[in-house]
Amino acid sequence: MQQRRTLDQPYTNRVLLNGQLDTPRWWAPAVAILGIAVIIGLLVIGAMINKGLGVTGLGRPVYWGLFITTFVFWVGISHAGIMISAILRLTQAEWRRPVTRAAELLTVFSLLTALVFPLIHAGRPWRIAYWILPYDFARGIYPNIRSPLIMDPVAIGTYLTGSTMFLYVALLPDLGNLRDRTTGWKNSLYTVLALGWRGNPRQWKMQTVGGILLSALMLPIFVSVHSIVSWDFAVVPSVEGWHSTIFAPYFVIGAVHSGVSAVVTMMALMRWLWKWDDFIRPEHFDALARLLIVVATGWLGFTFLELIFALYGQDAPEIALREMQMFQWPWNMLFIIFFLTAYAIPVPLWLFKRVRTNIAMMFWTSILVNVGMWLERFLIIVPGLARRTPFVYTWEAYRPSPVEWTIFVWSFCWVTFLMLLFSRFFPLVPLFEQKESQVFTQDVAIGRAKVPAIVREAD
Amino acid sequence: MTTASFGSHNWGMVVDVDKCIGCQACVIACQAENNIPLNTQDRVERARTISWIRVERYWEGDFPDTKARFIPIMCQHCENAPCEPVCPVFATYHNAEGLNVQVYNRCVGTRYCANGCPYIVRFFNYWEPVWPESLRNHLNPDVTVRSRGIMEKCSFCVHRIRRATRTARSEGREIADGEIQTACTSACPTSALNFGNFNDPNSKVSKMREDQRHYTLLDQFGTDPNVIYLAKVDPDKKVSVGEAASHG
Amino acid sequence: MKLNRREFLALTGKTAAGAVIFAACGLPERELIVQSPVDLPEDLVRGEDAWYATTMGDFTTGDGVLVRVMQGRAKKIEGNPDHPVNRGKATARYDSVLQLLYHPDRIKEPMLRYSKAGNLVGVSWDQAESRFRNALAGSSGALTVVTNPLRGHLGSVAGRFAQKFNGKHMTFDPTEQGVLHCAVKSVLGQDQLPTFDIANARTVLSFGADWLGTWGSPAQFGVKYGEFRGGSRGYLIHAEPRMSLTSAAADLWLAPKPGTEGDLALGIASVIVNEGLVDGSNVQAFLSAVPGGLRNYDVRDVAVRTGVPFNRIQNAARHFADHTPSVAFGGGSAGAHTNGSFNLGAIYALNLLVGSVGSAGGVTPNPGSGIDGVPASATGASFQSWEEELAQWRAGNVETVIIRGADIVHGMPNTVAIREALEHVPNVIAFGAVIDDTLDVADLVLPELTFLESWGSDIPEPGPGYQVVGIQQPVVGPTVSQDESGLISDARGFGDILMKMADGTIGSTMEQMVRRAISDLHSSGRGSVSASTPALFTKGVLQRGGWWNTGTKGARGVTGRISNEATSANYSETASLGEGDDFHLVPFHSNSLLDGRLAASPWAQQSPDPISSASWSTWAEINSKEAEELGIKEGDVLLVRSTSGEIEALAYPHPGVRPGVIGVPIGQGHHAAGRWAEDRGANVLSILTNEKDSQTGALAWAATRVRVQRAGRRVKVPKFEGNVEARPVEPGFPVLVVGPNETAEAAKEANHHEYQKSLFNDDYGSVDHE
Ligand SMILES: Nc1nc2c(c(=O)[nH]1)N[C@H]1C(S)=C(S)[C@@H](COP(=O)(O)OP(=O)(O)OC[C@H]3O[C@@H](n4cnc5c(=O)[nH]c(N)nc54)[C@H](O)[C@@H]3O)O[C@H]1N2
Ligand SMILES: Nc1nc2c(c(=O)[nH]1)N[C@H]1C(S)=C(S)[C@@H](COP(=O)(O)OP(=O)(O)OC[C@H]3O[C@@H](n4cnc5c(=O)[nH]c(N)nc54)[C@H](O)[C@@H]3O)O[C@H]1N2
Ligand code: SF4
Ligand code: SF4
Ligand code: SF4
Ligand code: SF4
């Protein structure tokens with residue numbers, strides 16, 4: 001275990017606020033480039049809405065493709081926030097502290113992005129109000145609450161609201177801090193946003209209780225959001241590979257796998273970009289990788305169960321679908337990449353501590369996981385539709401169009417763009433949490449080495 | 001075979017597969033009747049054609065024992081339709097006469113219902129339908145021209161049902177059996193397609209579906225279709241009586 | 001307040017709120033939705049419609065239709081339930097005609113070409129008529145009127161017009177039926193087509209003609225076929241080298257080598273005679289019509305010559321002889337050979353063998369026309385007479401050619417160089433609604449009314465066995481009216497213009513002619529319509545779409561002898577054709593475009609071919625096993641080459657073609673045919689060679705041999721079928737097949753067992769181990 005230097009408060013302030021008070025030189029060009037990409041993406045979306053979904057590669061019977069896949073993917077990524085800030089907070093895992101804010105932020109932004117996809121994939125996005133709002137009282141026409149497509153926006157809306165509040169409550173002390181260190185319009189902005197934060201004991205108490213309450217409230221969301229997303233598929237009896245009984249937990253654990261991996265990716269980037277080596281340390285990566293080994297292996301169990309179910313039940317259409325997924329070109333190629341990237345490469349590597357504490361290795365392996373997890377969703381959604389149905393006559397394959405790929409890429413640029421924009425005005429690492437942990441930290445002797453230990457204050 | 005009865009009518013179709021010759025008369029009749037957009041070559045190549053009724057052709061055997069089997073397939077108007085509960089806006093729902101109805105105005109175009117329908121009879125308008133101005137002269141004013149971005153499918157020619165109902169009501173009588181012909185049943189030269197009221201035990205379709213050849217498509221899904229098929233007859237088929245019984 | 005569960009349910013069950021909650025939690029939607037008090041689209045019914053009866057003009061052989069008209073616009077064409085021919089039923093072609101009526105490329109006004117090298121420019125009708133008169137002025141004795149085979153009044157007008165100018169009336173049908181009429185005459189003693197009483201037959205044995213798809217009167221035959229399949233289900237045997245709709249519907253499909261259909265028919269006859277399956281008197285009648293007898297038709301030799309397995313011929317023969325009444329007929333490709341007359345003669349003679357001439361369930365002769373001077377039967381002039389005619393054109397002996405309804409430029413093989421022949425004719429005057437290849441090279445183009453806008457009559461052929469006169473009336477006004485799209489067309493009727501050019505010597509207008517004919521029918525005092533006054537009678541006839549008289553039946557003439565000029569077929573040669581594999585070319589009518597006369601309609605273009613499901617293109621059907629051996633895959637662009645030329649077609653391998661045969665649909669490959677058809681696909685008619693039937697001189701359009709080569713490109717075939725071969729994934733789905741008297745339930749059960757066995761080998765259920 002490496003030694004680390006003792007951090008004092010001024011140092012913490014200076015380094016962690018470097019994004020706001022002392023913007024790094026790469027920031028402006030990066031935001032500009034991403035901004036251009038975002039604008040191009042928005043133009044393509046606009047053109048698609050203007051011309052019609054004919055510009056996609058969709059047809060009959062593959063009615064859903066890249067958009068829905070990417071929707072599920074971003075909802076999955078959003079589980080980063082719940083996992084890190086709610087679960088780990090409630091279980092008092094101290095190593096979570098430097099990454100809570102970024103994880104929550106990723107949640108909010110990926111949810112915002114995820115929501116875009118069902119909207120633009122609809123044939124008439126401008127009628128979207130009809131979709132979720134009870135709109136026609138006069139005729140007694142309500143949205144159909146039996147449709148998972150109604151439960152989806154409700155669940156995601158709840159999640160988004162909760163996460164935003166959570167993010168904001170946790171931001172308050174840091175906003176006060178920034179207000180005290182800025183002048184001019186920035187000062188005015190932070191003054192308003194800080195809601196009169198003075199850091200008095202009553203405010204601290206309310207802020208802490210609020211955080212814990214929100215964590216607890218969001219726990220059910222942890223289970224519900226991706227379960228509900230899974231029902232988009234699980235309730236459809238006729239699409240082979242969709243109507244699986246294990247989808248709800250399978251999707252949830254898959255989401256945790258991809259969400260936590262995304263946090264790892266982000267932590268590595270933060271450490272490199274803002275030089276926060278003192279705050280985001282190899283131990284954090286180590287801890288996350290251990291968590292991921294468990295999550296990924298659990299997830300793998302579900303993946304295998306799907307095969308077992310098909311084989312044990314000797315359900316011919318289901319077996320035919322799995323056969324297609326695993327052995328028929330081009331699905332087999334995707335399947336192999338999926339299996340290697342989502343599990344077979346990263347997880348065995350993480351068994352080695354050298355890998356777990358190597359930032360670059362963790363960065364690349366976590367990227368691999370999300371490549372794999374995106375493919376996993378694709379392989380769940382599309383082959384089921386593109387399979388050889390009993391109505392062989394209408395069997396056609398699907399190839400995403402350039403428009404779909406552009407919008408797919410846009411979503412990544414868009415999330416990164418928002419994160420960078422946020423980092424310019426708000427600290428990505430919560431200062432107060434960091435300082436809180438410093439107060440709790442002391443070194444303990446294990447053998448001859450002095451290692452950092454985390455203890456709680458005695459109650 | 002249970003069919004819930006909602007009112008005095010439960011419309012349905014009996015398709016005698018043994019009589020279908022695959023001639024496509026039903027398909028074109030439906031295209032013309034229901035203002036279905038032109039299926040241009042591009043739409044054919046990209047599997048985006050719209051064809052509320054289609055005739056599928058399956059091969060069996062090899063030369064010289066080749067058999068080509070035709071079957072017309074349209075919306076089965078399932079009593080227990082998988083397309084209905086998934087629609088977030090009730091753009092597709094069951095009406096009181098056994099029809100699965102599509103309300104174009106409400107549809108937002110999620111295509112969820114199309115994934116739910118195991119019969120692949122729901123069609124999405126990927127593009128705005130276009131007719132050269134002069135061809136608009138033959139559009140049927142009884143049927144809405146759908147815009148892009150929405151779902152459509154066989155309606156059992158609901159406008160014809162409405163028209164006949166209105167006429168019968170104004171004349172103070174019941175709708176007679178056979179009075180309503182959908183565009184496809186009317187065209188079908190061999191009378192493979194038959195339309196009528198299943199609630200009337202004396203109607204032609206009610207009697208036809210008592211035939212021992214009756215079956216429904218994909219009954220494993222429990223959709224309870226209002227389209228009943230009568231099996232194709234092959235006089236030279238070897239029927240091994242009792243073979244099934246010898247198993248197990 | 002404390003409630004137990006039961007009380008709670010009872011309470012909520014009684015309240016509206018409860019109703020909503022429970023509805024929301026899973027009761028069917030219909031209880032949740034309050035139906036719209038205002039219009040839902042499903043409720044909309046707008047306007048009043050009218051249905052007018054008329055006949056289908058050039059697009060069928062006399063079907064009666066009802067046209068739905070709203071606000072002066074035709075909306076839909078359906079069968080006329082009163083009409084004895086198609087009895088309310090339709091074909092896939094009916095509605096497509098609406099798109100010719102409202103075609104955006106309809107010829108709007110007369111067009112004139114000032115010199116052969118010039119362009120067509122719009123002119124007024126006055127100018128057009130004076131050009132027409134000028135052309136007629138110098139053409140006495142040097143005029144030819146070219147039309148499609150026309151029955152009814154238009155046919156008589158065209159004939160009399162030609163007569164008046166001492167000219168000729170030549171009919172043109174690219175797949176002419178002259179051989180058919182000749183063969184029918186040899187057996188029935190009259191060349192008008194008889195009725196095939198399919199509905200009452202127990203066995204139907206047909207050859208070559210795709211009578212359920214495109215041959216003759218498919219709507220009529222379809223109705224009869226429906227009846228044939230009902231009740232005590234009849235047995236259908238069909239012989240054709242390439243699977244058509246009829247072959248697909250057949251219980252037994254025989255796929256003889258092209259040109260051996262006569263052999264096959266006599267092979268069947270020889271089985272029947274040798275096994276003594278019919279009365280001796282029938283055998284006598286048969287043998288007296290068949291010169292040469294059955295000596296050379298031992299079934300084993302026939303099996304070798306025709307390529308049809310011995311036991312199949314035997315089965316067919318036994319069915320045909322044992323399950324009577326039975327009927328045999330043929331046409332189409334079976335007659336389109338150098339021995340076509342022999343083939344068809346032998347086929348029709350089979351009826352003598354089973355005694356089905358003139359009896360129920362057999363062939364019954366049709367009576368002649370109910371109107372004096374109006375033809376009841378028509379067929380295309382033979383290819384031989386066309387060759388002679390074109391020689392006259394080339395020699396400069398023909399001043400004026402008037403063309404209507406016959407796309408000779410598209411329809412004739414390259415060998416006759418029709419374009420070049422037309423260049424020698426000073427005045428080529430062509431009528432039409434939408435441009436086609438012939439109109440495109442004419443000197444004067446005259447926009448013609450469609451049958452939906454004009455008067456006429458038609459005597460259906462084949463008729464129902466008694467006298468029928470179909471009346472054609474305008475169901476919409478001439479489309480001179482302006483609408484949002486501007487002028488659709490300032491068209492006039494072909495008959496009316498001819499009569500005007502003949503200065504009233506033939507008659508004044510088609511309308512008057514037809515009305516006069518109706519009143520003549522009235523004075524005959526017979527038939528389906530009876531009315532006290534001529535006016536009421538006319539009204540009745542127009543309302544019913546025609547007049548028919550079940551009392552007047554056809555009479556059988558004297559049986560002659562069938563042709564034995566050539567009993568075996570000759571084919572065109574391929575030795576000089578360069579690289580490739582030799583195939584026998586069998587052209588067939590497109591199910592939607594027919595011979596191309598509907599090519600301009602986008603509905604006809606998009607309509608999937610029943611067998612290949614292809615549309616918008618020209619494809620080549622080839623046996624799938626053979627294709628595999630030759631390395632030909634679906635979508636390969638094939639160069640199909642004959643001594644007469646070369647076309648490109650997309651390969652579509654399937655198991656329903658005889659190996660060695662390549663089937664190519666007719667109807668595409670127009671240079672001009674409106675926006676949807678021009679330069680689309682290829683014209684298979686152009687590469688036919690000039691082989692002729694030895695007796696009638698008819699074009700042997702199925703006698704061409706071709707050499708086929710891959711062009712090295714592959715494209716997606718625009719077809720409805722998916723991208724795997726459509727064989728059922730599991731047996732019995734979606735088409736469940738039952739044996740005689742088998743229930744659907746039992747068939748399903750058996751299929752299920754078979755399927756499970758195939759999937760999981762022997763461990764599903766008990767299976768005997770060998
Ligand atoms: N889409 C969808 N999801 C659902 C539900 C739903 O209705 N629809 N219902 C939910 C509910 S209530 C439940 S309880 C769960 C059930 O979820 P699961 O327990 O996953 O239920 P099943 O799919 O019925 O059964 C799982 C597999 O076990 C196999 N099996 C059968 N017998 C045996 C045996 O003796 N030994 C072994 N090893 N395997 C056997 C079957 O072939 C099947 O493939 O699903 C939940 N999820
Ligand atoms: N063949 C076969 N049978 C099985 C099984 C199997 O695998 N195969 N699995 C078994 C198992 S594990 C289970 S759990 C059972 C499940 O069997 P059931 O409990 O019957 O389950 P569902 O049909 O899913 O739901 C019952 C009803 O509850 C309604 N409902 C939904 N939400 C609410 C609500 O909020 N309030 C009220 N009052 N009603 C609501 C639904 O619309 C539905 O009509 O099936 C068992 N039966
Ligand atoms: S496409 Fe239209 S009808 Fe279908 S589920 Fe979506 S909104 Fe409903
Ligand atoms: S056939 Fe398909 S579209 Fe029609 S009611 Fe059934 S599920 Fe719905
Ligand atoms: S019932 Fe009407 S809408 Fe349905 S397939 Fe037939 S013609 Fe089309
Ligand atoms: S019209 Fe009738 S016979 Fe023709 S394809 Fe349709 S169902 Fe079959």
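1. The side chain of R213(B) makes a polar contact with the side chain of D16(B) at 3.0 Å. A polar contact here is a pair of N or O atoms within 3.5 Å; within protein, one must be able to donate a hydrogen and the other to accept it, and residues adjacent in sequence count only if both atoms are side-chain atoms. A polar atom of the R213(B) side chain also lies 2.6 Å from the backbone oxygen of A231(B).

2. On the basis of the note: this is a predicted model, in which local features need pLDDT of at least 70 and side-chain atom pairs count only at pLDDT 80 or more, while totals for chains, interfaces and linings use all residues. Residues are numbered from 1 along each chain as its sequence is written, chains are lettered from A and ligands numbered from 1 in the order in which they are written, and side-chain values use heavy atoms, with hydrogens and water left out.

3. R213(B) belongs to the loop between α6 (204-208) and β9 (214-215) of chain B; helices (H or I, at least four residues) and strands (E, at least two) are DSSP runs numbered from the N terminus. With a relative accessible area of 13%, R213(B) is buried. The classes are buried under 20% relative accessible area, exposed over 50%, and partly exposed in between, with a 1.4 Å probe and protein chains only. Contact means heavy atoms within 4.5 Å. Not counting residues up to four places away in sequence, R213(B) touches residues of chain B, including D18(B), Y229(B) and V233(B), and also V738(C) and A744(C).

4. Y229(B) is among the residues with the most contacts inside the largest nonpolar core, which has 352 residues. Such a core is a set of buried Ala, Val, Leu, Ile, Met, Phe, Trp, Tyr and Cys residues joined through side-chain atoms within 4.5 Å. Others in that group include W276(A), F207(C) and L350(C). In soluble globular proteins, nonpolar side chains tend to be buried together. Beyond four places in sequence, Y229(B) touches V15(B), I71(B), M74(B) and R213(B), among others.

5. Two ligand shells can be described. Around ligand 5 there are 13 residues, of which C30(B), N34(B), C154(B), C157(B) and C184(B) come nearest; a residue is near a molecule or strand if one of its heavy atoms lies within 4 Å of it. This shell holds ten nonpolar, three polar and no charged residues. For these classes, Ala, Val, Leu, Ile, Met, Phe, Trp, Tyr, Cys and Pro count as nonpolar, Asp, Glu, Lys and Arg as charged, and the others, Gly among them, as polar. Ligand 3 also has 13 residues around it, with C87(B), C107(B), T110(B), R111(B) and C113(B) nearest, and its shell divides into nine nonpolar, three polar and one charged.

6. Chain C is assigned domain 1 (28-106 + 451-551), domain 2 (111-175 + 372-447), domain 3 (195-270 + 286-349), domain 4 (581-714) and domain 5 (726-770); the bounds come from an automatic or database domain assignment. The C-alpha centres of domain 2 and domain 4 of chain C lie 28 Å apart. Across this pair, 20 residues of domain 2 of chain C are in contact with 26 residues of domain 4 of chain C.

7. A cis peptide bond, with omega about -5°, joins W329(A) and P330(A), and P330(A) sits in the loop between α13 (316-327) and α14 (331-344) of chain A. A cis peptide bond also joins F733(C) and P734(C), with omega about -5°; P734(C) is in the loop between β27 (705-714) and β28 (737-738) of chain C.

8. Positive phi values occur in residues other than glycine. For A47(B), phi is near 55°, and this residue is buried at 6% relative accessibility. N741(C) has a phi of about 65° and is exposed, with a relative accessible area of 71%.

9. R492(C) is partly exposed, at a relative accessible area of 30%, and its side chain makes a polar contact with that of E129(C) at 3.4 Å. R492(C) and Y466(C) are 26 residues apart in sequence and 33 Å apart in space, C-alpha to C-alpha.

10. T54(C), in strand β1 (residues 50-55) of chain C, counts as buried at 0% relative accessibility. A polar atom of its side chain lies 3.0 Å from the backbone nitrogen of Q473(C).
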